[in-house]
Amino acid sequence: MKQYIATFFDHWGAVQFRNHAKACQVACTLKPVPRSLSSSCGTCAWYESEGWDIGYKIEELEAVYRHEGAQFVKEM
């Protein structure tokens, strides 16, 4: 499993993503966006999955990053 961080244009998108992830049985936690990443709302979703796409509406997302050690690699 890989760890991902999804950022959003607003807090509502982050909450909706978390609800979708939980419905898909994907572990997901909302946290402040790491300082090294930019975000419009300041809230991101950390989740673990085999791939970044868990079936959420892509237009709701600002970006998705794969977490590798101390680095974030942009996936979307």
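Biologist: Why is Ser38 called exposed?

Modeller: The relative accessible area of Ser38 is 55%, and exposed means over 50%, with buried under 20% and partly exposed in between (1.4 Å probe, protein chains only), so Ser38 counts as exposed. This is a predicted model, in which local features need pLDDT of at least 70 and side-chain atom pairs count only at pLDDT 80 or more, while totals for chains, interfaces and linings use all residues. Residues are numbered from 1 along each chain as its sequence is written, and side-chain values use heavy atoms, with hydrogens and water left out.

Biologist: Where does Ser38 lie, and what does Ser38 touch?

Modeller: Ser38 lies in the loop between β2 (28–32) and β3, strands being DSSP runs of E with at least two residues and helices runs of H or I with at least four, numbered from the N terminus. Leaving aside residues up to four places away in sequence, Ser38 touches Thr7 and Glu62, where contact means heavy atoms within 4.5 Å. Ser38 and Tyr65 are 27 residues apart in sequence and 11 Å apart in space, C-alpha to C-alpha.

Biologist: What makes Gln25 an exposed residue?

Modeller: Gln25 has 75% relative accessibility, and therefore counts as exposed. Gln25 is placed in the loop between α1 and β2, and although Gln25 is not a glycine, its phi is positive, at about 60 degrees. Most residues other than glycine have a negative phi.

Biologist: Which residues have the most contacts inside the largest nonpolar core?

Modeller: They are Ala6, Phe8, Phe17, Tyr47 and Leu61, in a core of 14 residues. The elements that give two or more residues to this core are β1 (2–8), α1 (11–23), β3 (43–49) and β4 (61–68). A second, separate core of seven residues includes Val33, Trp46, Ala63 and Tyr65. A nonpolar core is a set of buried Ala, Val, Leu, Ile, Met, Phe, Trp, Tyr and Cys residues joined through side-chain atoms within 4.5 Å.
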